[in-house]
Amino acid sequence: MFSKIIAAIMSVFTLLSASFSQLFSEIELKNELAKGNYESPYIVRPLDEITVNGVSVEEYCVVSPEGDLYANAAKTLINELYKACGVKIGTANNATEKAFILSEALNETDSFSLKVENGNIYISGSKGTGISRGIAAFADEYLLNSQGVYDFKDGYEYSKTFSDFVTYEEFGAVGDGKTDDLDAIVKTHEYANQHDLTVLANETATYYIGGKSKTATIMTDTDWSTARFIIDDTNVENRSSWIFNVAASQGSKNITDKVTPLKIDATNIGTTLEEKSLVVLYNSNVKHYIRKGANQNSGSNQTDVILVDENGNIDPEAPLIWDFDAVTNAIAYPIDTKTLTINGGIFTTLANNASSEYNYYARGIQVRRSNTVIDRLYHDIENEGKTGSPYSAFVSLSCCADVTVKNSTFTGHKKYKTIGSAGTSVTMGTYDIGGATAVNAKFINCKQTNDITDTDYWGIAGTNYCKNLVYDGCAFSRYDAHQGVLNATIRNSVLGHHGIKLIGCGTALIENTTVLAEDFVDLRPDYGSTWNGDMIIRNCKFYPKGVSSHIIKAENSEDHDFGYTCYLPQRVDIDGLYVHRIGISYLFNNVNPKHKNDSYTAEFPIVPPQEITVKNYSSLLFSKPSVSQNKAIFKLEISE
């Protein structure tokens, strides 16, 4: 008996020790988050190691002359090596061996070179085209496209000559951080678009952009590299004016008179197109997303976005999600087949201090072109005061498909309050990332400058009417779908205080992801907490903020018409989930406390799940969750 008591005590001690160990790791995590610029630890790097003649670059340093050109290049080199293999090297004033040595090219050509001699790597570039963009080009071409070990051997050479480009300085830009360069920037892109030229920014310039109502249209590759841009929003002529518009080579086409009513299972729109297009359909006779709560409204016109080929066939990866009894408007946006790339750029927004009202500011980069890649962009915010109007986004994706934003850094905006449509005080949504009617949008290895758990800042992203929206390797304060998403994918990511907010349909796949919010997934109650499809959770961790946190939170009083039937996830499949809490965990919350038994009559009933499977679930003290406290709505049991 005594031995059994000792065994029981040891078992409890072991359990508590494990719990305190987990608590300690949580403290370490919060300390890391508080520093800002937190990176997801789940990022998958292409290389296991980078070596020089078999010697790890961990033993190397960067040596460069003084000056911004070289300081920028040193930082770029360090970042690219880290991005490729996870090793960060340091700098030194002087070194004769095991060094990356930076210098200016002696010739007058706009070239970049990398050579390996006697175990050192010599990197040079011109003042005109810079050094950082050459390093980035080499990384994209080789380091980020290789696997295993990348070994630089003596005699290795890489060179790149930049040609067919135009600069902002050629059209009058000063780049001193004081002179307004917007006119020169607009003219540069106009000329580049007319002559199919790449635009290169000066790597050491700081371009000031004042409050003029002008937009630079980007239709060719643009490399901002390490150039800085100050966007001054303290006195603007037109708050709705974008600074940059990434435009398609062809304009949109109204095809309303060619499209007949469509059923949800339609495979063809009933007409041919001149080229493959993203098509946005509207039916003004039907209202969806009739919002409830402090920001209540009368709904939005029925809207859907699909991909259609020349023969009118609908891409099965982006199908219709509604029946269209009538199509009152249909717009086709031709899809560019050639990829346009925007690289680099260090942007600082001097925030507006306008009155705190729903007067949204644009003043960023609008992407309305399919097949676009934004890489290595950095956006910060300064000058946020006691009042301010919200921002729609710094990078906004709309009416486009196959757009990737990667290796980029954004900033959450300070929250401001106003009076909402219901007459009560509300916090205004304000975003650095936005999307609407975008298909196949990906955010890869991105993060934000501020602490993703700091509730003084609003959730970083907001989207509407998107399909196949992916986060991979991101550390953001939130993943969000306002007015619906078809297929939401979150991989290898860490999400902060706003967590995962969803409504929509299809498959919600969440894997290798940590969530630090009140609930693991919050199905937005203002739109009925609807998810008509599967929710799959694989190998994830949940650090709940509140005592009453749930894996899936949903609220629906079943007495409000949202414009559609509301569904709870029809199939929930969990395989690998750790919940950092002590106490009983519920998979779902109560949903509707008034719905206590089968005699309850719901005017707009929510459809309950049909299947729930949970495997490999663990928490601090309990190893199995319950479905919900509400047995009237949730009649099924968890299967393993």
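User: How are residues numbered, and which pLDDT is needed for local features?
Analyst: Residues are numbered from 1 along each chain as its sequence is written, and side-chain values use heavy atoms, with hydrogens and water left out. This is a predicted model in which totals for chains, interfaces and linings use all residues, side-chain atom pairs count only at pLDDT 80 or more, and local features need pLDDT of at least 70.

User: In which sense do strand β1 and strand β8 pair, parallel or antiparallel?
Analyst: Helices (H or I, at least four residues) and strands (E, at least two) are DSSP runs, numbered from the N terminus. Two strands pair if DSSP finds at least two bridges between them. Strand β1 covers residues 47–52 and strand β8 covers residues 148–152, and I50 stands opposite Y150 in β8. Over 5 bridges, the sense of the pairing of β1 and β8 is parallel.

User: Which residue in the turn of the hairpin of β1 and β2 has a positive phi?
Analyst: Strand β2 (residues 55–56) runs antiparallel to β1, and 2 bridges join them. T51 stands opposite S56 in β2. The hairpin has 2 residues between its strands, and the one in the turn with a positive phi of about 55° is N53.

User: Is S111 buried or exposed?
Analyst: S111 is placed in strand β6 (residues 111–117). Contact means heavy atoms within 4.5 Å, and S111 touches S124, G125, S126, T129, K160 and T161, not counting residues up to four places away in sequence. Buried means under 20% relative accessible area, exposed over 50%, and partly exposed in between (1.4 Å probe, protein chains only). Because its relative accessibility is 12%, S111 counts as buried.

User: How many residues does the largest nonpolar core have?
Analyst: A nonpolar core is a set of buried Ala, Val, Leu, Ile, Met, Phe, Trp, Tyr and Cys residues joined through side-chain atoms within 4.5 Å. The residues with the most contacts inside the largest one are W224, F244 and L502. L502 touches, among others, Y479, V485, L523 and W531. The number of residues in the largest nonpolar core is 113.

User: How far apart are the end C-alpha atoms of helix α4?
Analyst: The expected span of a helix is 1.5 Å times one less than its number of residues. Helix α4 (residues 182–195) has 14 residues, so it should span 20 Å. The distance between its end C-alpha atoms agrees with this, at 20 Å.

User: Which residue just after α4 takes a positive phi?
Analyst: The buried residues of α4 include L182, I185, H189 and A192. Just after this helix, a positive phi of about 55° is taken by D196.

User: Which strand gives the largest share of the lining of the largest pocket?
Analyst: On a 1 Å grid over the protein atoms alone, a cavity is a set of points where a 1.4 Å probe fits but cannot get out, and a pocket is an open set with protein on both sides within 12 Å along at least five of seven lines; lining residues have an atom within 4 Å of a point. The largest pocket is lined by 43 residues, of which R291, Y431, W458, H482 and R524 lie nearest its centre. Strands that each supply at least two lining residues include β25 (395–406) and β29 (433–444). The largest share, 5 residues, comes from β34.

User: What volume has the largest cavity?
Analyst: Grid points are joined across faces, edges and corners, and a volume is the space filled by probe spheres set on the points. The structure holds 4 cavities of 30 Å³ or more. Among the residues that line the largest cavity are L77, F100, F112 and F152. The volume of the largest cavity is about 70 Å³.

User: Over how many bridges do β25 and β29 pair?
Analyst: β25 is mostly covered, with 10 of its 12 residues buried. T404 stands opposite K442 in β29. The pairing of β25 and β29 is in the parallel sense, and its number of bridges is 10.
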